[in-house]
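Here is a short report for a reader meeting this structure for the first time. Have the sequence and the model at hand.

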Amino acid sequence: MTLNRAIQALFLLFSASMAHAQSDPVTTAKRAVQMLDAASIQLNDAQRASDRVAALTQTVRAYEEGLAAVREGLRRIAIRERAITLVFEAKEDRLSRLLGVLQTIGRSPAPLLMMHPSGPIGTARSGMILSDVTPALQQEALELRGQLQEISVIRALQESTATQVERALENVQTARTLLAKSVADRTDLPDRVALDPEQMAELVASSSTLQDFADNLSELGVQQTANLADFEAAKGNLPLPALGTLVQGYNEPDEQGLKRPGITLAVPAQALVTAPWPATVRYAGPLLDQGSVVILEPGKDFLLLLAGLGTPLVKEGQIVSQGDGLAIMGGNAPDSDAFLIAAAKGSGGNREESVYIELRQGNAPTNPAEWFVADEG
């Protein structure tokens, strides 16, 4: 093993080609981009679907799930890039000095390299040391070259993802607009049960809190559309009504010290809120200072309250299936720059809206967190 081969091992850092398996963060980000591509195809198909409302609802959720996956992928590759950069910077000075020493030695005449001041034994020992060191240098060079290549792949992916995100944010807004319009224009309304609008107006006027309204509403009889046993069997497995993060638990005080018998989700602006279970819509509209409120009856003696919503997509008395759109949140959707910056910082991506969720059995609240699969962030 010659000294020139040891020097060449270090220069492998900068050679052109290499077979390098992609890290998991990169794979995650690529798959997330594929989700956005699939959602784009779904948007085109939704506009020709016989049930545009259902198709557009699925399309909006597909885009939101894809964007959430992209956000997580970008967060993870940003962390990976910083980690690689720190490792490379930590090793760069040591390797530069070692390379300089080896290059200096390499310029010495070959006969001198074969000699050692202590004689033939010293020469043999130095040769053995060099033979032992060179494979380690080669391995380290390969690892660092792989990390440089990974950074190159990461940066290229970040650039290509920016274009995808911009297009996806535009498309999801288009899908939301089409969904709201399709709901307003539809003539084939889903099955509904009879509710008394005057009686409902009186309840709204006489209620001072959301809980008062729910108590009064539970006393009104209505045709049942969901089976109690089925709903209770779903405890712990219900999907969240919107893609978000649990920020306030059951009966936990908020910033003002106020406790409420429900949970609060932080969700992106303009997020779609969907029905977590088949139910009858007992109320849909503005209520007190709660923004828009949708109250569902998923089973006998159960009421599910969703408050802080934006534009309702359902009407009182309507029967909804699991996954049907209930409302679109308010707020201003982020542009691509804001989305990418938030994703790189790991800040959660413009989750500026909140959904309050309360579940009541009879007239008593119960902890919704025990029913839903929630992401505590």
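Helices are DSSP runs of H or I with at least four residues, numbered from the N terminus. The model is a predicted one.

Is A69 buried or exposed? Its relative accessibility is 19%, so A69 counts as buried. The cut-off for buried is under 20%. Which residues does A69 touch, leaving aside those up to four places away in sequence? They are A32 and M35.

**The protein as a whole**

Now step back. The protein has nine helices and 11 strands. It has 377 residues, and 43% of them are buried.

Two packed helices are described by the angle between their axes and the distance between the axes. Helix 6 spans residues 197–206, and helix 7 spans residues 210–218. Their axes come within 9 Å and cross at roughly 150°. That angle makes helix 6 roughly antiparallel to helix 7, because angles over 145 degrees count as such. The crossing is right-handed.

Which residues make the contact? Helix 6 supplies M200, L203, V204 and S206. Helix 7 supplies F213, N216 and L217. By class, five of the residues in this contact are nonpolar and two are polar, with no charged residues.

| Partner of strand 10 | Residues | Sense | Bridges |
|---|---|---|---|
| Strand 2 | residues 263–267 | antiparallel | five bridges |
| Strand 6 | residues 302–309 | antiparallel | six bridges |
| Strand 11 | residues 364–366 | antiparallel | three bridges |

S354 in strand 10 is the bridge partner of A266. L359 of strand 10 stands opposite L304. L359 also stands opposite T366 in strand 11. In a regular strand the side chains alternate between the two faces of the sheet.

Strand 10 and strand 11 form a hairpin, with two residues between the strands. Which residue in this hairpin takes a positive phi? It is G362, with phi near 70°.

Strand 9 covers residues 325–328, and three bridges join it to strand 3. T274 has G325 in strand 9 as its bridge partner. L272 stands opposite I328 of strand 9. Strand 7 pairs with strand 9 over two bridges. Here P312 stands opposite A327 in strand 9.

**Two loop residues with positive phi**

Two residues in loops deserve a look. Q270 lies in the loop between strand 2 and strand 3. Its phi is positive, near 65°, though Q270 is a residue other than glycine. Is Q270 buried or exposed? With a relative accessibility of 17%, Q270 counts as buried.

L288 is found in another stretch, the loop between strand 4 (279–286) and strand 5 (292–299). L288 is not a glycine, but it has a positive phi of about 50°. The relative accessible area of L288 is 44%, so this residue is partly exposed.

**Where to look again**

Then go to helix 6 and helix 7, which cross at roughly 150°.

Technical notes: Residues are numbered from 1 along each chain as its sequence is written. This is a predicted model: local features need pLDDT of at least 70, side-chain atom pairs count only at pLDDT 80 or more; totals for chains, interfaces and linings use all residues. Side-chain values use heavy atoms; hydrogens and water are left out. Two strands pair if DSSP finds at least two bridges between them. Axes are lines fitted to C-alpha atoms, for helices over the stretch in contact, and angles run from 0 to 180 degrees between N-to-C directions. Angles under 35 degrees count as roughly parallel, over 145 as roughly antiparallel, 65 to 115 as roughly perpendicular and the rest as oblique. A crossing is left-handed if the near helix is turned anticlockwise from the far one by less than a right angle, and right-handed if clockwise. Contact means heavy atoms within 4.5 Å. Ala, Val, Leu, Ile, Met, Phe, Trp, Tyr, Cys and Pro count as nonpolar, Asp, Glu, Lys and Arg as charged, and the others, Gly among them, as polar. Buried means under 20% relative accessible area, exposed over 50%, partly exposed in between (1.4 Å probe, protein chains only).
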